[in-house]
Amino acid sequence: MNEQEYRAYADRVIDAAKRGVRGRCKEVGPLPRWRREDAPRRAVDLLIETKVGLTETDANVLREDVRRSLPDPREGWLLTTAFYVDSTLAQEEQDYIVAVTVQGEDEDEVDDGGVVPGDRELLKLTCGGVTLPYLLIPSKTWLNVHRRDEEPDLDHRKVIVLPGGLRNVSRKPLLQLRLVGGDLEMRPLGRLRGIKVLLDDHPLTERAVRRHGCLTFLEGGHRTDVTYDLTPWEDTLLTGTAGRLPGSPDHHTTVIDVMNTHGTLRITAPDVGARPKVRGFRVKAAQFKTGYMEVPARVHYTDGTSSGPGLDGQRWFIKIFRTPTPQHAAFLRETFNRQAEAIRKVIIAKGGDLDRPPWGIAPVHVIDPDDDGEPPPTAVGALPPEPGGRHYVFGAWFGAPGVVSDCFVVVASPWLKGRTVERDPGSPALFQLERFRAMAAALDECHVKKIAHCDLKPDNYLKRRGDYVLVDGDSVTEIESMPTWLPYTNGYATGRMLRENPPDRYDGPVLGSGRIIEHDRFGFGLLVLGALVGSARLRVLTRDGAPGSRTIDKLPELRAALSGRWPKDERWKGMVDVLLEPFDGSKVSSSGWTCTSWLDRVIAASNVPMAGPADKEKPRYDGPYAKAFARIRRKLGRRNVAIRAVDQAVQAQIDRVYKQSRWLWACGVGAFGTGLLLVTIWGLGWLP
């Protein structure tokens, strides 16, 4: 297609798109004036299918031409486009098809989004032996129903995607449905050229339908049936989730993208019979009256190994979350993506990046479980991969082999080493303090960027290159979101937080930014204190007693407990008052208090060089190596801690060589002596 032919073709498509948008907006009528300022922007969805004769370059240019030529149709509305090249148009001798739909088009269509107890319904769509569940919320907003695409980019939060087996049905919106007053309503979507939509073998018209039925799609001589079943929603949908099924695949391969470097990620299966842990989240969801959606989940913890440029052999910590429906998974995935981006900004601000430390908080990568690096194995007792690339491997790992990957969210973080925190050290573990510097700086940067980690506990930090690093970024919360719930672990919070906003309730009082930051600083104080006094003592301070009556909640009792820990240690006596600061709400809530400045005061109060236990008796080197090691230590100064392991390894090797040389010397002397003795005896004629 030359330039002139393309221009003429593009003008026809653009004119048709403009007419379609104007026509649909005219049908809808003006947007009510009272909604223009407060309501979220509504979407006008534009679907364009063009003939297959277009080259990829021409198709991309046409897409941009259409988008530039179609401004938002009116105030408060947002134009979105989907663009396909369809081979069926050539068979039907058509140039293009333009279809326009409007989301939120009715004048009285104020989506209260309210989740009224008992009003939610579970819609199950079944085709080709595959069942997909969807949560329907009572609303006057129509939801588009799409066929699954070979390269899916549909948002399960906004549309319903039919299960696999519809390869013979075009990739366009097929119908719309909604739940109003307990009734399921359906209607056809404009004119679908070449496609007929039947409900129970009768043409589909806009009306309330039965709670059970069969949708039929006729296209090009092909018939595809999709059964639907509407049942009351049950919050216990995930109850009783079993562990990994025997005989299920021992791995699943997908793709990981780190700083535009693409690699293959091989995810290891959990142990056979391993049961997933119970988790719960509260995520942003504009469709709900409260603005939030509660997402129950089950999670498996495992690991994986990547391969590819710069990623070969790298080990990863993997979390696999199972949710009740694809919508729940989509909301949870979006939340994790926001958290991952927030964490990346913090890391960059402190001089690192996703592929490069320092990391005061570990980076997070949200993985697409269907973006395969190799063909996946088929789970035992499960269906083969469905059209569109969805798989059932994860379902088999959760004891539910019929659940497709749409219901799962996969998150990966770099694998970090464990840390050494003694249960009951005999003296303050002062060498631990320097290891918290990167974490303190990262937390302060989080608070500057209006986010908080929210789940600081001893199990949530590990070590990398001598620095302690926070993990479990799925607890990160926006400070100014005014939440009523924080995803923290029970016990690791102030008495007031545990009493008013417990982690197992979503209906507590609204938490302002000051209380959320105070919660983080309290948690950081717990981590540092636990590293100094030991995990057993920290458990006594935080777990013994109801919220508000624990030792950690009462400053006088906490001071007495810490002072009596090592009463004869002068270093410890000078640290106690400073160590109390994170547990004093009046101090941590002040504007000048930061984790970094507090850690500096703790280190200054300890008044000892920051080094590890091995520095109590520094390695001594004799012979020609002594001057070389002394020169290295002088150059590195206080960074001597970082090379302690190297020093010890080199010294151990020197000792081994020395011991081996002694044995060789002894053997040589023995052999020489024996030979000399034999020669002497022979010379004296004592031998025959």
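At what angle do the axes of helix α11 (residues 570-579) and helix α13 (residues 595-606) cross? They cross at roughly 160 degrees and come within 8 Å.

These legends describe a predicted model, in which local features need pLDDT of at least 70, side-chain atom pairs count only at pLDDT 80 or more, and totals for chains, interfaces and linings use all residues. Residues are numbered from 1 along each chain as its sequence is written, and side-chain values use heavy atoms, with hydrogens and water left out.

**View 1. Helix α11 packs against helix α13.** Helices here are DSSP runs of H or I with at least four residues, strands are runs of E with at least two, and both are numbered from the N terminus. Axes are lines fitted to C-alpha atoms, for helices over the stretch in contact, and angles run from 0 to 180 degrees between N-to-C directions. The axes of α11 and α13 cross at roughly 160 degrees. That makes α11 roughly antiparallel to α13. From α11, the contact uses Arg 571, Gly 574, Met 575, Val 578 and Leu 579. From α13 come Trp 598, Arg 601, Val 602, Ala 605 and Ser 606. Contact means heavy atoms within 4.5 Å. The contact residues divide into six nonpolar, two polar and two charged. (Ala, Val, Leu, Ile, Met, Phe, Trp, Tyr, Cys and Pro count as nonpolar, Asp, Glu, Lys and Arg as charged, and the others, Gly among them, as polar.)

**View 2. Helix α11 also meets helix α8 (residues 513-533).** The axes of α8 and α11 come within 12 Å and cross at roughly 160 degrees. That makes α8 roughly antiparallel to α11. This crossing is left-handed. Leu 529, Leu 532 and Val 533 of α8 meet Trp 572, Met 575 and Leu 579 of α11. The residues of this contact are six nonpolar, no polar and no charged.

**View 3. Strand β14 (residues 222-232) pairs with β4 (residues 121-127) and with β13 (residues 212-219).** Two strands pair if DSSP finds at least two bridges between them. Strands β4 and β14 are antiparallel and share six bridges. Leu 122 has Thr 231 of β14 as its bridge partner. Strands β13 and β14 also run antiparallel, joined by eight bridges. Here His 212 stands opposite Asp 229 of β14. The hairpin of β13 and β14 has two residues between the strands, and Gly 220 takes a positive phi near 55 degrees.

**View 4. Five strands form an open sheet with mixed pairing.** The order is β7-β6-β8-β9-β12. Its edge strands, β7 (160-161) and β12 (207-209), each pair on one side only. Strand β6 (residues 143-146) runs parallel to β7, and two bridges join them. His 146 stands opposite Val 161 of β7.

**View 5. Asp 353 sits in the loop between α4 (326-349) and β20 (365-367).** Its relative accessible area is 10%, so Asp 353 is buried. (Buried means under 20% relative accessible area, exposed over 50% and partly exposed in between, with a 1.4 Å probe and protein chains only.) Leaving out residues up to four places away in sequence, Asp 353 touches Met 259, Arg 344, Ile 347, Ile 348 and Trp 359. Pro 358 is found in the loop between α4 and β20. The peptide bond from Pro 357 to Pro 358 is cis, with omega near 10 degrees.

**View 6. Ile 361 lies in the loop between α4 and β20.** At 2% relative accessibility, Ile 361 is buried. Its C-alpha atom is separated by 6.1 Å from that of Val 471, 110 residues apart along the chain. Beyond residues up to four places away in sequence, the residues that Ile 361 touches include Ile 343, Ala 442, His 453 and Val 476.

View 7. Most residues other than glycine have a negative phi.

Note on methods: Parallel < 35°, antiparallel > 145°, perpendicular 65-115°, else oblique. Left-handed = near helix turned anticlockwise from the far one by under 90°.
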